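Subject: Structure handover and what was found in it

Dear colleague,

Please find the sequence and the structure below, followed by some notes on what turned up when I went through them.

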Amino acid sequence: MRRPITIALLLAFAMAVTAQSAMKVLDKTASSIRKAGDVQVKFAAATFVDGVEQTSTEGVMLLRDKSMQLTTPEMRMWYDGHTQWSMINESGEINVTNPTEREMAAINPYTFISHYKKGYRLSMKESTLRGQATYEVHMLATKPDNPAQEIYVDVARADHMPLCIRIRQGKEWNRITIKSLQGGMKLADSDFVFPSSEYRDVEVIDLR
């Protein structure tokens, strides 16, 4: 006598299909970002704790692989993939550090590209954002020591480019809304290194 398929098995099958679909969407998103090459991203960012906004800002990012330059009204930051130079405008100081992967995950919205294939359980649903049809991909960490415990990536269905990324670390959520993305930029290595000649009067504090 054939045993009936249980609801649990049906749910498990549905989750597996959804995970595969989410993986395909992120594969296409990662491919689209890599094809864009060096990019300039105009963004709005906000931090939330228990649903209450703590900070917000807008700015511009230059991105190449793991390298990053960030400019907002409050600060400037350069990161060459190993060393980070951070300048808070009010302090007039430059702090030099070698940030961890966990620390960079809270700053660089594209770190999900190198993490989604392992260490996360994936799910997805179709949605809309700012009038565009999207895929909302949910990434849930399978281990407590993952740099980001939870990530939502809203991807435009038209071109598979990200429109919004939300990252949870502990109780804090960081939301990065991508307002525009320009690919094919011709960036130099020096764009990701602190230009000391432009800031001769600034105190450099080496915290490495």
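With which side chain does the side chain of Gln84 make a polar contact? The partner is the side chain of Ser86, at 2.8 Å, where a polar contact is a pair of N or O atoms within 3.5 Å, one of which, within protein, must be able to donate a hydrogen and the other to accept it, and where residues adjacent in sequence count only if both atoms are side-chain atoms.

Before going further, please keep in mind that this is a predicted model, in which local features need pLDDT of at least 70 and side-chain atom pairs count only at pLDDT 80 or more, while totals for chains, interfaces and linings use all residues. Residues are numbered from 1 along each chain as its sequence is written, and side-chain values use heavy atoms, with hydrogens and water left out.

Gln84 is found in strand E5, residues 84-88, and Ser86 has its place in strand E5 too; helices (H or I, at least four residues) and strands (E, at least two) are DSSP runs, numbered from the N terminus. Gln84 has a relative accessible area of 10% and is therefore buried, and Ser86, with 13%, is buried as well (buried means under 20% relative accessible area, exposed over 50%, and partly exposed in between, with a 1.4 Å probe and protein chains only). Leaving aside neighbours within four places in sequence, Gln84 is in contact (heavy atoms within 4.5 Å) with residues including Met77, Trp78 and Asn95, and Ser86, with residues up to four places away not counted, touches Met77 and Asn95, among others.

A search of the whole structure finds 4 aromatic pairs, meaning rings of Phe, Tyr and Trp (its six-membered ring) with centres within 6.5 Å, counted as stacked if the planes are under 30 degrees apart, edge-to-face if over 60 and tilted otherwise. The rings of Tyr152 and Trp173 have their centres 6.0 Å apart and their planes at 35 degrees, so this pair is tilted.
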